[in-house]
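Q: I am new to this structure and would like to learn how its features are read, one at a time. Could you take me through them slowly, giving the general idea and then the case at hand?

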2 protein chains.
Amino acid sequence: MTSTEQNFLDLMKQISAYSEAISLIHWDLRTHIPQKGMEQRSETISLLSEKVTELKRSEQMKQCITELKGNKTSPVIQKSVEECERIYQKQQSIPTDEYVEFIRLSSKSETAWQEAREKHDFSILAPYLEKLVEFNKKFAEYQGYTDNKYDGLLNDYEPGLTTEILDRVFNQLKPVLIDLVKKINQSNVEVDSSLLLKQFPKQAQKDFSLAVLDKMGYDFEAGRLDETIHPFAIGINSNDVRVTTRYDEMDFRTAIFGTIHEGGHALYEQNIDPDLYQTVLASGASMGIHESQSLFWENFVGRSRSFWESHFDLFKKYAPESFQSLEFESFYRAINEVKPSMIRIEADELTYSLHIIIRYELEKELINGDLQVKDLPEAWNTKMEEYLGIRPENDLEGLLQDIHWAAGDIGYFPTYALGYMYAAQIYNAIKADINLDQMIRFGDFEPIKAWLTEKIHRHGKMKQPLELIEQVTGEGLNPDYLIQYLTNKYTEIYQLR
Amino acid sequence: MTSTEQNFLDLMKQISAYSEAISLIHWDLRTHIPQKGMEQRSETISLLSEKVTELKRSEQMKQCITELKGNKTSPVIQKSVEECERIYQKQQSIPTDEYVEFIRLSSKSETAWQEAREKHDFSILAPYLEKLVEFNKKFAEYQGYTDNKYDGLLNDYEPGLTTEILDRVFNQLKPVLIDLVKKINQSNVEVDSSLLLKQFPKQAQKDFSLAVLDKMGYDFEAGRLDETIHPFAIGINSNDVRVTTRYDEMDFRTAIFGTIHEGGHALYEQNIDPDLYQTVLASGASMGIHESQSLFWENFVGRSRSFWESHFDLFKKYAPESFQSLEFESFYRAINEVKPSMIRIEADELTYSLHIIIRYELEKELINGDLQVKDLPEAWNTKMEEYLGIRPENDLEGLLQDIHWAAGDIGYFPTYALGYMYAAQIYNAIKADINLDQMIRFGDFEPIKAWLTEKIHRHGKMKQPLELIEQVTGEGLNPDYLIQYLTNKYTEIYQLR
């Protein structure tokens, strides 16, 4: 190994050490920290984050990239150089004072968002959002793009994806989803999810969640399960990947499906190739691919008929007396109820992507100047009515529900819907290799985990999302598999014609 | 404020931010981390610790010290400059390569200590300890001293203390303790601590511990209680001071007295003046003063007759049925049983200081060349027999019990005994101001906490230990108060003549 290679690895080790400390602080902030400790802690996060940024845009980093790029080095170093160059160029492209101003504005904007929510009044947020949109337009220019300005933002979250691709796939997906939702609304099949809304003690939910995580192959020697308000999974390092969940004693679905979802993210991070540890590649390929793993486990496995055929007994083992007379078919339908609703994070797997498509269409128009911030509430409500058949009564259940835009994040939303499409493609690919249904029905998840590890997890960021999907499924992004999966599943449940 | 003052404050903020991250990692390492995550985490600690060291010995720090020392600045800045200079000079005085070598050796030595313990064989540790003693001799020279080489080490843990002072106070204390122990051995009073050794469920112990912490005035909005193997308290920042404890279901004393002890440390850190936050002064005055606070609460309050007069009902509220017939007098005596034993950390409050005096006498001789490492086991066992009347059967229950020497820490042990003496002096001083016994008997701890905050806690490191003790008690270190307290207490319990 040359001394430059060694320097480069050392630099990445430093970055990963700081990132590890930051991740632990984030986990603690959302699980354990006493209230008064937060103020000073946020200063500590700022300092450590600054150090990471300094290293990523340092002269030393620039030299390493220049000297190593295209050289004959190991694939891991070569790919790391590419990733570091991408980050370096991004960091260099935005003038520091502009970025600092943007961060300050985002912070104020989040406060305004809170107030706007309390008062159900978007106009409180609007002036901040206008400025944040302008900043994002500039950032998109700095990043560069070929066809659509929005690409400059999208690429940051999902490298290689373009507005052109998204327009194409969303335009295929959207009418099918709208049509399915309409048919379901007209279906005579009664699906009653209220029979799930019975007292289920927290400790029993926790024990059940732990049992399911264990069956999924989550490694408890390299992770743990904690309680939080907004659940997440976090890789503090590759051997310490923690899951969090929330327990609602009157609705066990929050905890159990939340845990399976976050467990899917965690399996990804736990099974990255050790060769990538302490490099910039020791994480998921993209936001979208990461989401495909959580959604694969939550929906394609966790809400499947096969899964509950093998786990309904386990459920009854942990569930209190009042659930014991519940019939399998009613249960299965209840956990798969489709019901258009205002709030994205509460949406079922069918309507979820429509929520995303609305956000995508609106933010794309904002960035391209085809829509003004002041016109957002009306545009939002109109699309809700058109796609989901319901209209928000106020801004809180409308466009004030998500923090993303208020925090300055534009271009992020599509990754959620990409996750669904990737997951369906992966679901199709895995079925070609192993008898997936039967494995799920027997609760034998080891071969599934092994397949995902071999094809996806171990590669970390060694492959770009579309490259990975192409290699795993034999084709590029294709919404047909999601369409097929949802159509089959809900045609059966709601007996559609 | 001048720009140098601002630079200096910024530098200290950076140091405290890194220290905050390190403290959180330490807390997590001992409470929550999954086993496999430890390896990489230790690299992260090393990196962050290096950054702290770099800042403390940086050119920028040197300039700040030079420019600000003796200038007309605020008392906080002036005292911070003094403290930073002390650290700077210490860091500068030891050649880097020597220090690195010492750290490496300590690490190997700790591994050897583990092996030596497993095999009950000191000779496995001896060659490492010999080198560590030589390093410590050199460090003492670098630090400088007037009379005794040992002062150069002692001062690092307890600024201002000298071997001369320690010799004087320990020589006063030792014969009294030995005499009391002998008399107790001959006493006819039956104290039976075995009646405490009954099943006490963990959750009930936890609830009891939380109730006591709450009564002490511990602020749960600025802290929390977690479980660990070797209990500790840690100030992650001044508004996030966490306590940990251990639950032994067959001996509730471990948790309850451990919690009160760590709670005493935590009250100190929680009540430091906000003016000192994010400076190098935002911690206890010294190890000894810190220990005085934990011991004051654990023993002078927590093992007092008055305390249990008001808390015996609370104890019975949480204790299971089998404790309900326990009589107050038997209980009070049992929690104050004196029984010479081999292990320091299991010692009662009377024999504890004798364990410390043995260690002090031996390490002082090692540093001054009056004792060879190879002769340690015999010297240890002889002193145990002489002071405590018992002789270890092997090295594990002898000098292999503590990690301190194996970790290269020499000069630390005396601070434990100083804590006892300081605590007794403080106990005496507080009684002159408020009706302490009555407050404890009524469970009214607010005035006690307020007194300790006003006189001790809020000052952080603004005062040196002896300066603080002098101001709080009107005199310097004086073992008479501890002698008087122990004599009175145990004369009453054991009906000594």
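Predicted model: local features only at pLDDT ≥ 70, side-chain atom pairs only at ≥ 80, totals over all residues.

Q: Does His120(A) count as buried, partly exposed or exposed, and why?

A: The classes rest on relative accessible area, where buried means under 20%, exposed means over 50% and partly exposed lies in between (1.4 Å probe, protein chains only). His120(A) counts as partly exposed because its relative accessibility is 36%. His120(A) has its place in the loop between helix H5 (96-118) and H6 of chain A, and its phi is near 50 degrees, a positive value in a residue other than glycine. Here helices (H or I, at least four residues) and strands (E, at least two) are DSSP runs, numbered from the N terminus.

Q: Which class does Gln495(A) belong to, and why?

A: Gln495(A) counts as exposed because its relative accessibility is 52%. Gln495(A) is found in the segment after helix H20 (480-493) of chain A, and its phi, near 45 degrees, is a positive value in a residue other than glycine.

Q: What is Lys137(A) in contact with, leaving aside its neighbours within four places in sequence?

A: Contact means heavy atoms within 4.5 Å. With those neighbours left aside, Lys137(A) is in contact with Lys149(A), Leu366(A), Ile367(A) and Gly369(A). Lys137(A) lies in helix H6 (residues 126-143) of chain A, and it counts as buried because its relative accessibility is 18%.

Q: Which residues of helix H18 of chain A are buried, and what covers them?

A: In helix H18 (residues 446-455) of chain A, the buried residues are Ile448(A), Lys449(A), Trp451(A), Leu452(A) and Thr453(A). Their cover includes, from chain A, helix H9 (202-216), helix H10 (253-270), helix H11 (287-301), helix H16 (414-433), helix H17 (436-441) and helix H19 (465-473).

Q: How does the reach of helix H16 of chain B compare with the expected value?

A: The expected span of a helix is 1.5 Å times one less than its number of residues. Helix H16 (residues 414-433) of chain B, with 20 residues, reaches 29 Å from its first C-alpha to its last, which is close to the 28 Å expected. H16(B) is also mostly covered, since 16 of its 20 residues are buried.

Q: In what order do the strands of the open sheet in chain A lie?

A: Two strands pair if DSSP finds at least two bridges between them. In chain A, 3 strands form an open sheet in the order S1-S3-S2, with mixed pairing. Strand S1 (225-227) and strand S2 (233-237) of chain A are the edge strands, each pairing on one side only, and the twist averages 30 degrees from one strand to the next. S2(A) and strand S3 (residues 240-245) of chain A run antiparallel and are joined by 4 bridges, with Asn237(A) standing opposite Asp240(A) in S3(A).

Q: What lies across these strands, and at what angle to S3(A)?

A: Axes are lines fitted to C-alpha atoms, for helices over the stretch in contact, and angles run from 0 to 180 degrees between N-to-C directions. H10(A) lies across S1, S2 and S3 of chain A, running at about 165 degrees to S3(A).

Q: How is the size of an interface given, and what is the area between chain B and chain A?

A: The size of an interface is often given as the accessible area lost when the parts come together. Buried area is the accessible area (1.4 Å probe) that two parts lose on being put together, summed over both. Between chain B and chain A about 3200 Å² is buried, of which carbon and sulfur atoms give 50%. The contact takes 38 residues from chain B and 38 residues from chain A, and 10 salt bridges are found across the interface.

Notes
Residues numbered from 1 in each chain as written. Chains lettered and ligands numbered in written order. Heavy atoms only, no water. Salt bridge = Lys/Arg side-chain N within 4 Å of Asp/Glu carboxyl O.
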